[in-house]
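Hi everyone, thanks for coming along. Let me bring the structure up on the screen, and then we can walk through it together.

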Amino acid sequence: MTKSKLNLDTDKIAKARELSKQITAPVQKYIEKHTTVAIERTTLRMIGADGVDSIGVPIPNKVVDQIGDNICYGATKYYINALLKKGLTPEELNIEIANGLDIAKIDFVDFSYIEEKAQELVEAFATKVKANVAYREEKVNKYKEKENSPLLYLIVATGNIYEDVKQAQAAAKQGADIIAVIRTTGQSLLDFVPFGPTTEGFGGTYATQENFKIMRKALDETGEEIGKYIRLVNYCSGLCMPEIAVMGALERLDMMLNDSMYGILFRDINMYRTFVDQKFSRMINSFAGIVINSGEDNYLTTSDAVEKAYTVTASQFINERFAYESGLPAKLMGLGHAFEMNPDIKNGFLLEMAQAQMASEIFPEAPLKYMPPTKYMTGDIFKGLAMNTLFNFIAKSTNQGILLLGMLTEAIHTPFMQDRFLGVANAKYVLNNIADFSDDIEYKKDGIMQTRAKVVLDETIEFLEEINKTDLFNAIETKMFAEVSRPKNGGKGLSGVAEKAKDYYNPFYTYLENELNIVKEGNQL
Amino acid sequence: MMIRPYGDTLNDGAVQMSFTLPVAHSAKADEAAIIFGKKLGFKEVEVVHSNPLSDEFTFFVVYGKTEISIDYDKVVVEEVEKSLDFYGVNNFIKENIKRKIVVVGACSGTDAHTVGIDAIMNMKGFDQHYGLERYPMIEAFNLGAQVPNEDLIKKAIELKADAILISQIVTQKDVHIQNLTEFIELLEAEGLRSKMVVCAGGPRIGNKLALELGYDAGFGRGTYPENVASFIVEKMHERGVK
């Protein structure tokens with residue numbers, strides 16, 4: 001990290017962090033007392049529950065339905081009990097369940113047997129994920145020199161996983177470091193994860209474990225061919241946040257879009273459900289070495305990027321705190337922001353650069369994810385290309401970690417293959433041409449950029465203070481974020497939240513808490 | 001007046017194109033791009049730049065000259081009914097209604113499929129078209145699925161709704177028609193029909209069917225949030241709502 005260009009007041013930054021801690025504390029308390037259907041399904045997947053029945057209902061969903069209100073005791077013991085009683089492997093048990101076996105109706109064996117078996121299953125899961133982490137580390141280190149800085153991020157979204165593979169491999173060959181497969185519209189609102197390879201989607205491709213596997217294999221192949229480790233991204237958001245996380249951990253995804261509040265604000269998913277789910281999903285991501293990408297860019301497509309810049313910074317602080325509470329280290333926090341100011345603003349570039357530099361100075365270890373212009377992109381592809389160049393300039397000169405490449409045809413259609421090529425070519429030109437620009441310049445004292453950053457940081461603190469006064473739940477209900485009101489008991493998925501019973505049992509959750517050194521709100525640091 | 005594209009001289013017919021061909025980058029690929037340009041009817045076709053996109057694809061920037069010209073005097077534009085966009089709708093409300101408008105939406109009756117109403121109302125919207133919740137001049141309330149018609153009306157009264165949107169995805173045994181009819185009858189019984197803009201939507205719901213059932217409009221497949229918003233605000237303005 002180079003020395004501060006913005007001359008930010010470190011006491012103020014510390015104050016914002018302290019406020020975020022206070023803001024998230026009551027939420028953590030709530031999280032600790034609750035589980036959700038998604039968390040239970042996730043745990044079942046960690047044991048080995050997988051597959052679907054004859055009408056396509058996933059086994060984890062079937063089991064959770066069988067257990068019903070008793071999920072407050074944790075689904076794990078039911079599944080493990082069935083394994084022991086029937087003397088089956090998870091694969092065999094899945095078939096029995098698909099054929100109609102109700103595991104909630106089986107008498108329990110002595111609990112010590114369940115605990116013993118659980119330990120074996122937790123270890124099997126952990127070994128698999130640790131092997132993935134080790135493989136990734138080895139490849140990343142081996143091919144480090146070929147990586148771009150920031151990492152270049154490209155999106156594919158055909159709806160057909162096999163077509164996605166072709167486009168993704170081409171994008172990797174053109175120079176992308178990261179490939180994201182966009183999900184089909186509305187998957188975030190499904191309370192189950194579809195199964196198997198899929199070839200139809202709208203505006204994207206279903207996130208399924210099989211699709212993850214297919215893309216992972218393809219990118220590994222291309223990576224070996226060009227001597228680079230290609231990172232794969234999907235979406236750990238919506239009603240199946242932790243389930244997608246565990247699938248990603250098993251199939252060695254490298255990044256996940258994963259925001260603590262996005263689902264609430266932009267997808268109208270219930271806030272309690274989201275908060276409880278996001279924690280477990282982030283614990284899994286952390287354990288699997290997966291970089292999360294938060295969704296602050298979305299605030300700016302809703303609100304004005306100049307007036308509401310502080311909402312982005314405030315959300316970054318809150319996302320950072322929630323991430324720490326889930327055991328996620330700063331190096332895995334791809335906190336988000338975006339280049340979304342109106343291009344007609346005089347000195348807009350300076351304001352954008354101040355914002356990006358500020359994020360980089362406040363979160364020096366985080367691989368910040370910088371999102372390209374979308375809101376003011378038009379059919380004028382030539383102007384769009386120019387805007388993307390300025391965006392790339394800021395990304396490089398403010399040391400962003402992840403650069404989501406702008407597409408000159410953003411406002412027109414899903415990218416043509418050539419659009420991605422032009423996006424990469426543009427970025428590579430800028431990255432090389434201003435390689436050491438950041439080290440070579442200082443910002444003028446009390447100039448436009450320093451002043452701007454100071455104002456936004458002050459506004460951020462003011463905003464965090466207001467939230468803290470009312471509490472986060474009320475703040476969301478009273479439209480303090482993204483100008484939308486989400487009632488506490490509204491939105492999707494609340495019925496899937498259950499208060500944990502005293503003897504709630506989830507050996508996987510407990511294992512991850514210990515591995516990640518998570519401090520519980522009850523015995524606060 | 002006969003016209004033709006203008007490069008740097010009147011009537012030179014110069015056109016700039018870029019496209020990708022699914023072949024490896026090579027001299028043969030460049031030649032193929034030239035032949036393709038000629039087949040499009042261009043003369044003096046020139047590949048000014050070509051670049052491999054992968055082992056199987058090549059990108060070209062091509063110039064050509066066309067001899068085709070058109071008679072500008074004979075060009076007629078059809079007046080299409082154009083829907084306002086996101087900004088247009090908000091400005092229209094600011095200028096004409098001068099207050100935020102309230103829109104309540106739900107999947108009423110037994111229908112549990114919120115995909116349609118979510119696409120229109122959710123902040124995120126779909127296919128890069130923002131939902132009504134994102135419109136600064138619209139207070140949008142999405143009540144979700146399986147909302148009984150009575151509750152929907154009660155809620156609309158409580159929120160002082162200017163418009164109600166009903167989504168119906170399930171159309172088995174014409175269940176949607178019964179439900180939509182019941183809703184309108186209830187609304188009329190409450191004496192509210194003329195006070196609100198009422199729209200129905202769903203993959204099998206067209207404008208014609210909706211009008212027959214007593215709605216102000218029906219929106220089928222391919223509808224974007226701004227189409228619905230546009231209709232609501234223009235209808236309100238037409239009715240002189242302030």
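Before anything else, a word on naming: helices (H or I, at least four residues) and strands (E, at least two) are DSSP runs, numbered from the N terminus. What you see is a predicted model, where local features need pLDDT of at least 70 and side-chain atom pairs count only at pLDDT 80 or more, while totals for chains, interfaces and linings use all residues. Residues are numbered from 1 along each chain as its sequence is written, chains are lettered from A and ligands numbered from 1 in the order in which they are written, and side-chain values use heavy atoms, with hydrogens and water left out.

Let's begin in chain A, in the segment after α20 (507-515), where you will find N517(A). N517(A) is not a glycine, and yet its phi is positive, about 55 degrees. As background, most residues other than glycine have a negative phi, and most peptide bonds are trans. Is N517(A) buried or exposed? For us, buried means under 20% relative accessible area, exposed over 50%, and partly exposed in between (1.4 Å probe, protein chains only). With a relative accessible area of 64%, N517(A) is exposed.

D446(A) also has a positive phi of about 55 degrees, without being a glycine. Look for D446(A) in the loop between α17 (437-440) and α18 (448-470) of chain A. D446(A) is exposed, at 58% relative accessible area.

And which peptide bond is cis? That is the one from S149(A) to P150(A), with omega near -5 degrees. P150(A) sits in the loop between α6 (111-142) and β2 (151-156) of chain A.

That brings us to the sheet. Here, two strands pair if DSSP finds at least two bridges between them. Chain A has an open sheet of nine strands with parallel pairing, in the order β7-β6-β5-β4-β3-β2-β10-β9-β8. β7 (333-334) and β8 (336-338) of chain A are at the edges with a single partner strand each, so one side of each has no neighbour in the sheet. Further in, β2(A) pairs with β10 (residues 402-404) of chain A in the parallel sense, over three bridges. There, L151(A) has I402(A) in β10(A) as its bridge partner.

Now over to chain B. How many bridges join β3 (residues 42-52) of chain B to β4(B)? Eight, and the two strands run antiparallel. β3(B) and β4(B) form a hairpin with five residues between them, and P52(B) stands opposite T58(B) in β4(B). Strand β2 (residues 14-21) of chain B is also antiparallel to β4(B) (residues 58-66), again joined by eight bridges. In that pairing, Q16(B) faces Y63(B) in β4(B).

V77(B) is exposed, with a relative accessible area of 67%. Now compare V77(B) with D118(B): they are 41 residues apart in sequence, and C-alpha to C-alpha they are 35 Å apart in space.

That's my tour, so over to you!
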